[in-house]
Amino acid sequence: MTDPFVLSLILIVALALSGLSIGLAMICGSSIYLILKGFDPSIASETLLQGLFNSYTLLAIPLFILAADIMNVGSLADRLLRFCQALVGRFRGGLGHVNVVSSLIFSGMSGSAVADAVGMGRIIIGMMTKDGKYTASYSAAITAATATIGPIIPPSIPMVLYALVSDQSIGYLFAAGMAPGLLMGLVLAVMNTIIARRRNFPVDNSVPLSEMPRVTWQAFPALMLPVILLGGIYGGVVTPTEAAAVAAFYALVISVVVYQSVTAGQFYSTLLNSARSTATVGILIAGALTFNYVITRENVPNSIADFMAQFELSKWGFLLAINLLFLALGCILEAGAILLIIAPIFIPTAQALGIDLVHFGVVVVVNSMLGLITPPYGLLLFIVANITKQPLARIVRDLVPFIIALFAALAFITFVPDFVLFLPRMLGYKG
Amino acid sequence: MTSLTRLFDFLYSRAENILALVLASLFVSFLIQIVFRYVLNLPLGWTVEYVSIAWLWGILFGYAFVVREDDVIRLDIVYGSVPVAIQRIMDVFAGLVCAGIFLWTLPNVWDYVTFMAIERTAYMQIRFDYVFMIYIPFALSVIIRSLISVWHGLSGNHPKYAVGAASEMHDYD
């Protein structure tokens, strides 16, 4: 590593800490590196322009954002929640279970944890706190915890980002997230059951079984979305990127035609909102593209691999160290930044140790999602605190048992690769 | 002053219209592509190229003219916890460095973009300098906004210094 590189790194950190957009900070740092090295500084913009223009798979991102935004505007979420309530609302702590199951279903439609918390989360927090059945902080905590499942079960925007930096197939990465996502749902439901007993939560008014067919029928078009999406991808009908367009189109059709719940004005503001989110995350990707050029030029990943080799870590020791590092980084960094900047640095080491890169991707993505609910910097925490108007400290106290449960799931996902990889292998993955 | 503000509001709304249109056209092109490839069995080339251009333009145009300062992805863990006086110093520092670097590299970037006139895209035969031209307004917008941030830091009259940094949220994580 040369001096210009160290200087550019220091500059990026200083600019980012000063509150500059992380994407711009990386573009600035990369430019300084090129200037100090005596190269043409336009290489930074060239890398950015060519990188964005040639990253066809990344186009899944605006489409998944659009699909989730449309679903959140339409009454899709309400109908899904009523279905989940009819399904699991009759048990003690029922609305907690509804929260878990609805997140599992919704995550089969959206690729974003934040979309889950903002859309479904807002409604279910309202249901849980109405009549004072559950404390606002508990409702907030379980909503944040279940939202982390969103990008683990396909589709998933973070997996698309990882696919970009690791050159792995999006289809296999999506399939690899399936079992871990279900496991996370299971441990959260178990924890909810234990807490509901201990804190003696009420049994909610259950939907009579005779209502079940009607509620299911009303939710049916929405429930078909994950089936169409995954069927399309794994049936080999469409590419994951095209599947994202189909999902957005389907969500639009059922919201407008079947549920008649989206007006033209709402559709315009949804489009605009999605486009704004796309531009915001796009600049982060653009910054990562330019900085990855610098990292590659400086041969950083291989230097890290050589450095790590000194410790003679076993595969498992390395995975443990990665988990600890990423969890620590997740407390202060954005998930997208972790996946785009930090993950690629360790990919050659993982490869050298014989770690499967699809498995590694799932471990890294789960880690970055846990980062969203670990204080002090956790996006999901801020969102649920904003919805419930509860102090962060109180939400975090109620969140601790769920974080512990998710850590246990993460450990299992990390150390039992076959659990993650059996599904992609069934679909033809040779790893 | 009010008519100037009104003009800015008007232009901002038009920029929003354009950005929404870019995403809508990207979405529609994908649907056309899917219908032609899988239903009519006629693969199209131009849609792949069009969506790539729309993606590039959507990001750079959107960031330059539509995304607001509080939408931006930033690390506010330190910034949010220091006194206002230090925040102002940080704004001046980050703004000056950012504006300086973008300004310094602008001539080279201009050369690169105009140089790309020699290449055309594969299907639609659009000259690459047109495709990449959006980088110039993007860079100019970054420079101007950074300088505005410097001015806010120096003068200290911006509402954010009064209420403190609020947490933001995004829907792509």
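**Stop 1: the second largest pocket**

Start with H1(A), which supplies the largest share of the lining of the second largest pocket, six residues. Before going further, know that this is a predicted model, where local features need pLDDT of at least 70, side-chain atom pairs count only at pLDDT 80 or more, and totals for chains, interfaces and linings use all residues. Residues are numbered from 1 along each chain as its sequence is written, chains are lettered from A and ligands numbered from 1 in the order in which they are written, and side-chain values use heavy atoms, with hydrogens and water left out.

A pocket, on a 1 Å grid over the protein atoms alone, is an open set of points with protein on both sides within 12 Å along at least five of seven lines; a cavity is a set of points where a 1.4 Å probe fits but cannot get out, and lining residues have an atom within 4 Å of a point. Volumes are the space filled by probe spheres set on the points, which are joined across faces, edges and corners.

The second largest pocket holds about 470 Å³ of space. Select A:Leu9, A:Ile12, A:Val13, A:Ile341 and A:Ile342: of the 21 lining residues, these are the closest to its centre. Then show helix H1 (3-17), H2, H13, helix H15 (315-332) and helix H16 (335-352) of chain A, the elements that give two or more residues to the lining. How does the lining divide by class? It has 21 nonpolar, no polar and no charged residues (Ala, Val, Leu, Ile, Met, Phe, Trp, Tyr, Cys and Pro count as nonpolar, Asp, Glu, Lys and Arg as charged, and the others, Gly among them, as polar).

**Stop 2: closed cavities**

Searching the whole structure turns up six cavities of 30 Å³ or more. To find it, select its lining: A:Pro62, A:Ala275 and A:Thr278, with B:Leu19, B:Val22, B:Leu23, B:Leu26, B:Ala54, B:Trp55, B:Gly58 and B:Ile59. H13 of chain A, plus helix H1 (2-39) and helix H2 (46-65) of chain B, each give two or more of those residues. The class count is nine nonpolar, two polar and no charged.

Next, the second largest cavity, at about 50 Å³. Its lining includes A:Ile27, A:Ser31, B:Phe102 and B:Tyr135, and H4(B) gives the most, with three residues.

**Stop 3: the nonpolar core**

Now colour the largest nonpolar core, which has 221 residues. Such a core is a set of buried Ala, Val, Leu, Ile, Met, Phe, Trp, Tyr and Cys residues joined through side-chain atoms within 4.5 Å; buried means under 20% relative accessible area, exposed over 50%, partly exposed in between (1.4 Å probe, protein chains only). Helix H13 (residues 264-297) of chain A gives the most to this core, with 14 residues. Among the residues with the most contacts inside it are A:Phe360, A:Leu380 and B:Phe102.

Zoom in on A:Leu380. Leaving aside neighbours within four places in sequence, A:Leu380 is in contact (heavy atoms within 4.5 Å) with residues including A:Ala144, A:Ala147 and A:Thr148.

**Stop 4: an enclosed helix**

Select residues 136-147 of chain A: this is helix H8, 12 residues reaching 16 Å from first C-alpha to last. 11 of the 12 are buried, so H8(A) is largely enclosed by the rest of the structure. Its buried residues pack against H6, H7, H10, H18 and H19 of chain A.

**Stop 5: a buried arginine**

On H13 of chain A, pick A:Arg276. Buried or exposed? At 12% relative accessibility, A:Arg276 counts as buried. Its contacts beyond four places in sequence include B:Glu16 and B:Asp71.

**Stop 6**

Most residues other than glycine have a negative phi, and most peptide bonds are trans. Go to A:Pro154 and A:Pro155: the peptide bond from one to the other is cis, with omega near -5 degrees. A:Pro155 sits in the loop between H8 and helix H9 (157-166) of chain A.

Then select A:Glu312, whose phi is positive at about 50 degrees although it is not a glycine. A:Glu312 counts as exposed, at 70% relative accessibility. Finish at B:Gln125, also not a glycine, with a positive phi of about 55 degrees; B:Gln125 is partly exposed, at 44% relative accessible area.

Methods
Helices (H or I, at least four residues) and strands (E, at least two) are DSSP runs, numbered from the N terminus. The expected span of a helix is 1.5 Å times one less than its number of residues.
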